[in-house]
Every structure is written in structure tokens, then in C-alpha cells.
Amino acid sequence: MNLFSSFDPSSNWNMSLNWTSNLMCLVLIPSMFWLVPSRLNLIWIKIMLTLHKEFKTLLGPKSKGGTLIFVSLFSFILINNFMGLFPYIFTSTSHMVLTLSLALPLWLTFMLFGWINNTIHMFAHLVPQGTPPILMPFMVCIETISNIIRPGTLAIRLSANMIAGHLLMTLLGNTGSSLSLIMINMLIIIQLLLLLLETAVSIIQSYVFAVLSTLYSSEVN
């Protein structure tokens, strides 16, 4: 078998799981979550309010409801990352199809809005303050390239982090059948620690994606 076959978005029904797996989280969320303010609900609201305050600071006073899309983006990526930690559930965020579909439209809208409404401001961003005149042409090229590859870096960062941890756990898990009892116990402990690390990575990567998108948005205002 191919080592990357666990990341193949296909099923027995010949149906792509790349997008349908995003809805699988609705199966695990109980109906009472929507009806009664449970502890989980209160914790989630607290997290959303904290993120709203932080994104509002980054976006500035001009943002009227602009934090909603970034908080929703954080929630969407976080839930998908968490779902990928369960066995036999496809990790949709480990594919560039999904991550680039999130990063590219955001970046394009920021660029179109910035160049149409704040053209002089966007030109000023191409040359950092205090740059010597002789280096200005080079700085414009470097800043343009760094601006163009932003959606790619956002998408690759998220998918690579998701693939790396899952691949390491798969490689370690496949060696279990040929190990002794003591080594299997050690392997289980290592796998549990890796699972804890992957949980932290799934939270951090969704936060990084949302914060960087917010920062790119604040630059065009």
C-alpha cells in the first residue's frame, strides 16, 4: 500500500470525502448543545468573545462586524482539524484543495479591495520606510513576490502540519505488529503523547490561519 493512502479522499461509494467530511462534525454535536446553555456551550462562547476582541484590535476601529468571518474561519478549521484526530475520519484540512480554497478567495478579496479603494496606500506598502533609494527596485520585487505567495504559504502551512503529525502516527502504528510486549506499551505511550501534540497543533494552526488572515486584511485598510 502507498504510505499516503490514508490521506486519499475516497470511500467505498466512490464519493469524494474532501468536502462531505466537513459536515461530519454535526453528527457528534448533540442536539442539546443548541437548546440548553451547557458548559461546553459557555466555554465556546467565551473563546469566541476572546477571539472577537483580539481580531477587533488587529482590524482597527473601522471594522464593523469584520471579525465575524475570521472567527467563523477559526471555528471551521478547528472543528475539521479535531475531526481528523478520530479514527477512520478523513482529515479534509490535510489537502491543498480545501486549504487553498479558504486562503485564495480571502487573499484575492483583500487585494482587490486594497488596490481599488486604497491604491496609494498599497503602493506605499511595496517600499518599507527608510529604504535607501538604490534598493527600492529590489524591495518592490521582493515585497510583490512575498505578497503573491501569501495564499500559498497559508494553505501549505496548514496542510503540511496536519499531514506531518498524522503520517508520523501512522508510521509508528504500523510497526506495532512486529514489536515485543514492552515495546508495544512504550509505543502506546508515545502515540498518546503524539495525539496530545496533534490536538495542540490543530488548535494552534487554526488560530495562526485566522490571525494571519486578519493581519493581511488590516494591511489593506
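## A buried ring

Phenylalanine 70 has a relative accessible area of 3%, so it is buried. The model is predicted.

## The aromatic pairs

A pair of aromatic rings is described by the distance of the centres and the angle of the planes. This structure holds 2 aromatic pairs.

One joins phenylalanine 55 and phenylalanine 70. Their ring centres are 6.4 Å apart and their planes stand at 75°, so this pair is edge-to-face. The pair links distant parts of the chain. Phenylalanine 55 sits in helix α4, phenylalanine 70 in helix α5, and 15 residues separate them. Both phenylalanine 55 and phenylalanine 70 are buried.

Phenylalanine 70 also pairs with phenylalanine 110. Here the centres lie 6.3 Å apart and the planes meet at 40°, so the pair is tilted. Phenylalanine 70 belongs to helix α5 and phenylalanine 110 to helix α6, so the pair ties together parts 40 residues apart in sequence. Phenylalanine 110 has 11% relative accessibility, so it counts as buried; the cut-off is under 20%.

## The nonpolar core

The largest nonpolar core has 25 residues. Phe55 and Phe209 have the most contacts inside it. The elements that give this core two or more residues are α4 (39–59), α5 (67–83), α6 (96–117), α9 (150–174) and α10 (181–219).

What does phenylalanine 209 touch, leaving out residues up to four places away in sequence? Its contacts are Leu73, Ile77, Thr99, Leu102, Ala103, Leu154 and Leu158.

Conventions
Residues are numbered from 1 along each chain as its sequence is written. This is a predicted model: local features need pLDDT of at least 70, side-chain atom pairs count only at pLDDT 80 or more; totals for chains, interfaces and linings use all residues. Side-chain values use heavy atoms; hydrogens and water are left out. A nonpolar core is a set of buried Ala, Val, Leu, Ile, Met, Phe, Trp, Tyr and Cys residues joined through side-chain atoms within 4.5 Å. Buried means under 20% relative accessible area, exposed over 50%, partly exposed in between (1.4 Å probe, protein chains only). Helices (H or I, at least four residues) and strands (E, at least two) are DSSP runs, numbered from the N terminus. Contact means heavy atoms within 4.5 Å. Rings of Phe, Tyr and Trp (its six-membered ring) pair if their centres lie within 6.5 Å; planes under 30 degrees apart count as stacked, over 60 as edge-to-face and the rest as tilted.
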